[in-house]
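Here are my notes on the model you sent. Please read them with the structure open beside you.

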Amino acid sequence: MSGQVNQRLIFIYNGVSRIQTGINIGVMLGVIYSIALLVINLLGSVSIGAMIRGYGILQVAEVAVGLPVLYHYMYRGFNELTKADSARYGIGRLGVILLLVISPLLLAEGLYFILVDVSPSIFLLLRVVDSVVALVNIRINPSGAL
């Protein structure tokens, strides 16, 4: 009995430590992303097309950097927590799996913004769709594992 409790606590400690490290990395990447987004929005005063392409480049970079972080820290962290208590932490793992499934779609969207001359209305429509998907994911995964 004591061995099972100790093993469960080890899983919880390892999972929480891994998730916390992922959150710290995510905050640092978020600051960098915000600065880059500000610069891209300033490009919008020069050319809307340049702003949309810049946003596409930023989105591709976000997926390229964020996907390994998401998998290594968040998914594997929630897997550790699920080993300890699947009923309690399984929903977090589900949210991270949904993010892993959505990431290639975001990559494709970023490439679309880079390669195709996108009108501002289509750009805004896709941004609204992305925002709705993000809100649904936050509702499913309250931990906010991004």
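1. Glu109 counts as buried, with a relative accessibility of 10%; here buried means under 20% relative accessible area, exposed over 50%, and partly exposed in between, with a 1.4 Å probe and protein chains only. The side chain of Glu109 meets that of Arg127 in a salt bridge, 3.2 Å from N to O. A salt bridge is a side-chain nitrogen of Lys or Arg within 4 Å of a carboxyl oxygen of Asp or Glu. This pair links distant parts of the chain, since Arg127 is in helix α4 (residues 120-140) and Glu109 is in helix α3, 18 residues apart. Helices are DSSP runs (H or I, at least four residues), numbered from the N terminus.

2. The model is predicted: local features need pLDDT of at least 70 and side-chain atom pairs count only at pLDDT 80 or more, while totals for chains, interfaces and linings use all residues. Residues are numbered from 1 along each chain as its sequence is written, and side-chain values use heavy atoms, with hydrogens and water left out.

3. On confidence, pLDDT is the predictor's confidence in each residue, from 0 to 100. The chain averages a pLDDT of 86, and 92% of the residues score at least 70. Where pLDDT is low, the predicted coordinates should not be read in detail.

4. How many salt bridges are there by this rule? The count comes to five. One of them joins Arg8 and Asp85, whose closest N and O atoms are 3.5 Å apart. Arg8 lies in helix α1 (residues 2-43) and Asp85 in the loop between α2 and α3 (86-115), so the pair ties together parts that are 77 residues apart in sequence. Arg8 is partly exposed, at 37% relative accessible area, whereas Asp85 is buried, at 19%. Arg8 and Asp85 also belong, with Arg88, to a network of salt bridges.

5. Another salt bridge is formed by Glu80 and Lys83, with the closest N and O atoms 3.7 Å apart. The two residues are three apart in helix α2, and so are separated by about one helical turn.

6. Helix α2 covers residues 48-84.

7. The rings of Tyr71 and Tyr75 are stacked, because their centres are 5.4 Å apart and their planes at 20°. Tyr71 is partly exposed, at 42% relative accessible area. Elsewhere, ring pairs link Tyr55, Tyr112, Phe113 and Phe123 into a cluster.

Notes: Rings of Phe, Tyr and Trp (its six-membered ring) pair if their centres lie within 6.5 Å; planes under 30 degrees apart count as stacked, over 60 as edge-to-face and the rest as tilted.
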